[in-house]
Amino acid sequence: MKNPATAPTGPPASRQGQQPHRGRASATALARALLIAAGLVTVYYVLPLDGRLTAGASAVLVCGLLLVVVVFWWEVRAIVDSPWPRLKALEALATTLALFLLLFAGAYFLLEHTTPGSFSEPLTKTDSLYFTLTTFTTVGYGDIAARSQPGRVLTMCQMLGGLLLVGVAAKILASAVQTGLRRRDGDPPDVFPPSHRNP
């Protein structure tokens, strides 16, 4: 039987080896999340959104929202397999949130150019992004408001999607992080099993 006085008091050897890499992993994850968000915003401003919100453009919006779901689920699986689940969750949140907001900003911009007067004032790309953010954060300054029926329906869709993103998606991310932590520490995961298992 080991003497308690001589038992090691520090973290396990595997944890000690991980400590020097944690700071670098944190910086990398934060930089990657910022780069992803900045890249998506850049694409939003560079894309020539000078068309009209037709049935085809509406289908593109729906497909874009489906893409958000696919990207989100792929990120959830990556969280479980990552050695740093919390940091991967930050990247997943940045990607999903940026895609969601920019899709609606583009839709508002196209709607205003398709049907002028759909909003209380003409929208530039920046105005559209501003309206999207104020709607998502429920700030609602009131300086820009949806006036047309399509505009209000689109805004309601964003509100419902935002509630799902904040409520359901956040819960899924938290569960994925806990599963990833258990998997990293050697406990068998019971939620979101990793896509690649060792035989």
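1. Helices (H or I, at least four residues) and strands (E, at least two) are DSSP runs, numbered from the N terminus. This is a predicted model, in which local features need pLDDT of at least 70 and side-chain atom pairs count only at pLDDT 80 or more, while totals for chains, interfaces and linings use all residues. Residues are numbered from 1 along each chain as its sequence is written, and side-chain values use heavy atoms, with hydrogens and water left out.

2. The protein has five helices and zero strands, in the order α-α-α-α-α from the N terminus. Of its 199 residues, 36% are buried (under 20% relative accessible area; exposed is over 50%, partly exposed in between; 1.4 Å probe, protein chains only). Among contacts (heavy atoms within 4.5 Å) with a separation of 6 or more, 72% join residues 24 or more positions apart.

3. Helices H3 (residues 85-114) and H5 (residues 149-184) have axes that come within 10 Å and cross at roughly 170°. The axes are lines fitted to C-alpha atoms over the stretch in contact, with angles from 0 to 180 degrees between N-to-C directions. H3 and H5 are therefore roughly antiparallel (over 145 degrees). Their contact has 18 nonpolar residues, seven polar and two charged; Ala, Val, Leu, Ile, Met, Phe, Trp, Tyr, Cys and Pro count as nonpolar, Asp, Glu, Lys and Arg as charged, and the others, Gly among them, as polar.

4. Lysine 88 lies in helix H3. Its relative accessibility is 15%, so lysine 88 counts as buried. Beyond four places in sequence, lysine 88 is in contact with Glu75, Ala78, Ile79 and Ser82.

5. Which residues does phenylalanine 119 contact, leaving aside neighbours within four places in sequence? They are Tyr108, Leu111, Glu112, Phe131, Ile144, Ala145, Ala146 and Arg147.

6. Alanine 145 sits in the loop between helix H4 (125-136) and H5, and is partly exposed at 33% relative accessible area. Not counting residues up to four places away, alanine 145 touches Ser118, Phe119, Ser120 and Phe131.

Terms used
Parallel < 35°, antiparallel > 145°, perpendicular 65-115°, else oblique.
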